[in-house]
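Please read the numbered points alongside the sequence and the model.

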Amino acid sequence: MDHGYQELRRSLEQMLQHLARADDELKAAQRLLDPQASPGTEINRAIAAARISVDDAMETVRWRMSETESG
């Protein structure tokens, strides 16, 4: 197996782990918010947008990982 491939794979796996932790932290932040706060409040919208961005990044990393497996 090529050293460059192994390093890329390791980096992608680390990114995925970091993104998963970020998503967990965002979920925890959502639980800490005032349950009576409107879902449309600025902080709720910001956290929801951040979770979407993290989900998108995780999907991109997974796609790239599958691409390295086939290449």
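At what angle do α1 and α2 pack, and how far apart are their axes? The points below begin with that matter.

1. Helix packing. The model under review is a predicted one. In it, α1 and α2 pack at an angle of about 160°, and their axes lie 9 Å apart. An angle over 145 degrees counts as roughly antiparallel, and α1 and α2 are therefore roughly antiparallel to each other. The crossing in which α1 passes α2 is left-handed.

2. Overall make-up. The protein chain contains 2 helices and 0 strands. Helix α1 covers 3–32 and helix α2 covers 42–70. Among contacts between residues at least 6 apart in sequence, 73% join residues that are at least 24 apart.

3. Burial and surface. Of the 71 residues in the protein chain, 18% are buried. The accessible surface of the chain amounts to about 5300 Å², and carbon and sulfur atoms account for 54% of that surface.

4. In soluble globular proteins, nonpolar side chains tend to be buried together. Here the largest nonpolar core has 9 residues: L12, L16, L19, L26, I47, V54, M58, V61 and M65. Both α1 and α2 supply at least two residues of this core. The largest share, 5 residues, comes from α2.

5. V54, a member of the core. V54 belongs to the largest nonpolar core. Which residues does V54 contact, once neighbours within four places in sequence are left aside? They are L19, A22, D23 and L26. Of these partners, L19 and L26 are also listed in the core.

6. R9 is placed in helix α1. Is R9 buried or exposed? Its relative accessible area is 18%, and the limit for a buried residue is under 20%, so R9 counts as buried. When residues up to four places away in sequence are not counted, R9 touches M65, T68 and E69. One of these, M65, is a member of the largest nonpolar core.

7. S11, for comparison. S11 also lies in helix α1. With a relative accessibility of 31%, S11 is classed as partly exposed, whereas R9 is buried. The C-alpha atom of S11 is separated by 9.8 Å from that of V61, although S11 and V61 are 50 residues apart along the chain. V61 is itself one of the residues of the largest nonpolar core.

Conventions: Residues are numbered from 1 along each chain as its sequence is written. This is a predicted model: local features need pLDDT of at least 70, side-chain atom pairs count only at pLDDT 80 or more; totals for chains, interfaces and linings use all residues. Side-chain values use heavy atoms; hydrogens and water are left out. A nonpolar core is a set of buried Ala, Val, Leu, Ile, Met, Phe, Trp, Tyr and Cys residues joined through side-chain atoms within 4.5 Å. Buried means under 20% relative accessible area, exposed over 50%, partly exposed in between (1.4 Å probe, protein chains only). Helices (H or I, at least four residues) and strands (E, at least two) are DSSP runs, numbered from the N terminus. Contact means heavy atoms within 4.5 Å. Accessible areas come from the Shrake-Rupley method with a 1.4 Å probe; for residues, only the protein chains shown count as cover. Axes are lines fitted to C-alpha atoms, for helices over the stretch in contact, and angles run from 0 to 180 degrees between N-to-C directions. Angles under 35 degrees count as roughly parallel, over 145 as roughly antiparallel, 65 to 115 as roughly perpendicular and the rest as oblique. A crossing is left-handed if the near helix is turned anticlockwise from the far one by less than a right angle, and right-handed if clockwise.
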